[in-house]
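Hi there,

Here is the structure I promised to pass on. Have a look at it first, and my notes follow below.

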Amino acid sequence: MSNLIEARNLTRILRETVPVTLVKNITLAIGEREFVAVTGPSGSGKSSLLYLLGLLDRPTEGTLFVAGRETEGMSEAERAAIRLSTIGFVFQFHFLLPEFTARENVEIPMRRLAKLSRPAMRERAGELLRSLGLGDHLDKRPDQMSGGQRQRVAVARALANDPPLILADEPTGSLDSRNSEQVFTILEALVRERGKTVVAVTHDLDMAARMDRRLHLIDGMLDGNLPTETPKPG
Ligand SMILES: Nc1ncnc2c1ncn2[C@@H]1O[C@H](COP(=O)(O)OP(=O)(O)OP(=O)(O)O)[C@@H](O)[C@H]1O
């Protein structure tokens, strides 16, 4: 199994008047078809780690390979190209563009990648939304949908360019329990049925317990400095 992410001694220090260490000495590998939770107390560096792994931020020290490519010497344009094709993001808040329909929001990353024809993009956006139970909402704008529906549109948008890796920062953090469960089930199905790797920051320890692996952060460091392995079911 090849690794989608390999990080060695990843450290990120903010050079403020007083330096702030966001994450420190993180070494980890995440393979294909893994469902990984990032847990830890508030302020322990979970979001900071996810941003580094997603090439939204650069480490101060250490090396990071994403999909087999060393990222350190990359230009912003190269990093953006990898993000677009290899990584889908889901955040706590949906960040859909309010003036566009669900389908258009899902088409936007496809337009940026520009690999499909316009009709094929439209078709694929519709298929993705239907597969997430949103067939009746293709032409609705975000303000015409519920919170749970909007977050499912955000998941469809993350899948737009068929990336192998989905990074999610508290994807159920602003949802009620029923919608949280629905979004969790969708993320799980992305791994089990579509072969994606999902790495999700969560405060919800019950959810984390249902994932394959937990990366627990304390003060910016991995607990024990080793990923906690648990046997996979089956
Ligand atoms: N731009 C910044 N300037 C100063 N401190 C920062 C900045 N960004 C993050 N921090 C601090 O770095 C630490 C890690 O933040 P981070 O958001 O990664 O933690 P987290 O585990 O995701 O927290 P939460 O669970 O509350 O979202 C925190 O103590 C935070 O206050």
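In this predicted model, β7, helix α6 (residues 177-192) and β8 form a right-handed β-α-β unit; right-handed means that, with the strands pointing away from the viewer, the path from the first strand over the helix to the second runs clockwise. Helices (H or I, at least four residues) and strands (E, at least two) are DSSP runs, numbered from the N terminus. Residues are numbered from 1 along each chain as its sequence is written. As the model is predicted, local features need pLDDT of at least 70 and side-chain atom pairs count only at pLDDT 80 or more, while totals for chains, interfaces and linings use all residues.

Staying with β7, five of the five residues of this strand (165-169) are buried, so β7 is largely enclosed by the rest of the structure.

Two strands pair if DSSP finds at least two bridges between them. β7 runs parallel to β8 (residues 197-201), joined by five bridges, and D169 stands opposite V201. β7 also pairs in the parallel sense with β6 (residues 87-90) over four bridges, where V90 stands opposite A168.

Elsewhere, an open sheet of four strands has the order β2-β1-β4-β5, with antiparallel pairing. Its edge strands are β2 (20-31) and β5 (69-70).

How values were computed: Buried ≥ 20, exposed ≤ 12 C-beta atoms within 10 Å, placed from the backbone.
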